[in-house]
Amino acid sequence: MLMSKRDKLHLAAERLNALACPVCGQPMNRAGEDYACAAEHRVNTHRKGCLNVLSTKAETFYDAELFAARRRVFASGCYDAVAEAIDGLLPGESQRVLDAGCGDGWYLNTLLARHPGWTGAGVDISRDAIFQATDQPCAALWCVADLRRLPFRDGAFTVVLDVLTPAGYEEFRRVLAPGGMLVKVYPGSGYLKELRAARGMPPYEEGQVESYLRSRTEVVDERRVIERRTVSPELWRDFVWMTPLNQDLSPEEKEALAARPGREVTIDLHAAVCRLHL
């Protein structure tokens, strides 16, 4: 029997038992179809199967069209090796995973599909992203929220996954259980170099993200994924539309860039599993 999106949300929330009130920080539990704390602050369950704990809609360039293009890129297999690297860095025992800046939820869904005993939550500030994440097959606790103020209890997760997202190390430390791990994914020098070259931009300059990561964490293990993928004109267009690299371009400028397709796109990403410094 197929579960509704709301039922999947409730199942994930029950398994995790991790929600905290965005107003007062007290534990939140299910109250009918919604969630409430002892102080009677309430968060409504959206019909799409997610929670929105933001008091106002966040202004963000991460819109529905960007995530639709991103979904097609992921479906093409271009990032499968990155998911493999992430999975290979994590112990096989049961994990409670927070995907921080989850986008459309592809990475979290991939992990939960491979490990049916794991539980997870995905958070993004973009409502459009979370609405698309609820289409993923997995039962996960999807939340529209600010990564600087996560709606979860202290020590709720054993893994925080941060893929190409600015890290909130203090908040990550708060929600990680003792011994919990951060998996950080960040660009290598060749990442999307063809798109950068098409815009007259130099290759990505490595060093700053890694240096800051190592100043805040102990890197336990790491892997690097480098693949050159042949792309069709349609897939090149999807890369143009999905990458934040082009956030400064108008729709017309993006289409002009898409009309000059390259034949390859390079995926060059570092994945590191880390312990956060106390």
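Predicted model: local features only at pLDDT ≥ 70, side-chain atom pairs only at ≥ 80, totals over all residues.
Helix α3, which spans residues 80-89, and helix α4, which spans residues 106-114, have axes that come within 10 Å and cross at roughly 55°. The two helices are therefore oblique to each other, and their crossing is right-handed.

On the α3 side the contact is made by Asp80, Val82, Ala83, Glu84, Ile86 and Asp87, while α4 contributes Trp106, Tyr107, Thr110, Leu111 and Arg114. By residue class, the contact of α3 with α4 comprises six nonpolar residues, four charged ones and one polar one.

## The nonpolar cores

The largest nonpolar core has 53 residues, and those that touch the most other members are Tyr79, Val82, Ile86, Tyr107, Trp142, Phe239 and Ile267. Helix α9, residues 233-242, gives the most to this core, with six residues. Apart from this core lies another, of 37 residues, which includes Leu16, Leu147, Val160 and Tyr169.

Ile267 can be followed in detail: when residues up to four places away in sequence are not counted, Ile267 touches Cys78, Tyr79, Val82, Tyr191, Leu192, Val225, Ile226, Glu227, Arg229 and Phe239.

## Arg260 in its loop

Arg260 is placed in the loop that lies between helix α10 (251-258) and strand β11 (264-276). With its neighbours within four places in sequence left aside, Arg260 is in contact with Ala198 and Trp236. Although Arg260 and Trp236 are 24 residues apart along the chain, their C-alpha atoms are separated by 9.0 Å.

Terms used:
Residues numbered from 1 in each chain as written. Heavy atoms only, no water. Axes fitted to C-alpha atoms, helices over the stretch in contact; angles between N-to-C directions. Helix = DSSP H or I, 4+ residues; strand = E, 2+ residues; numbered from the N terminus. Parallel < 35°, antiparallel > 145°, perpendicular 65-115°, else oblique. Left-handed = near helix turned anticlockwise from the far one by under 90°. Contact = heavy atoms within 4.5 Å. Nonpolar A, V, L, I, M, F, W, Y, C, P; charged D, E, K, R; others polar. Core = buried A, V, L, I, M, F, W, Y, C linked by side-chain atoms within 4.5 Å. Buried < 20%, exposed > 50% of the residue type's maximum accessible area, 1.4 Å probe, protein only.
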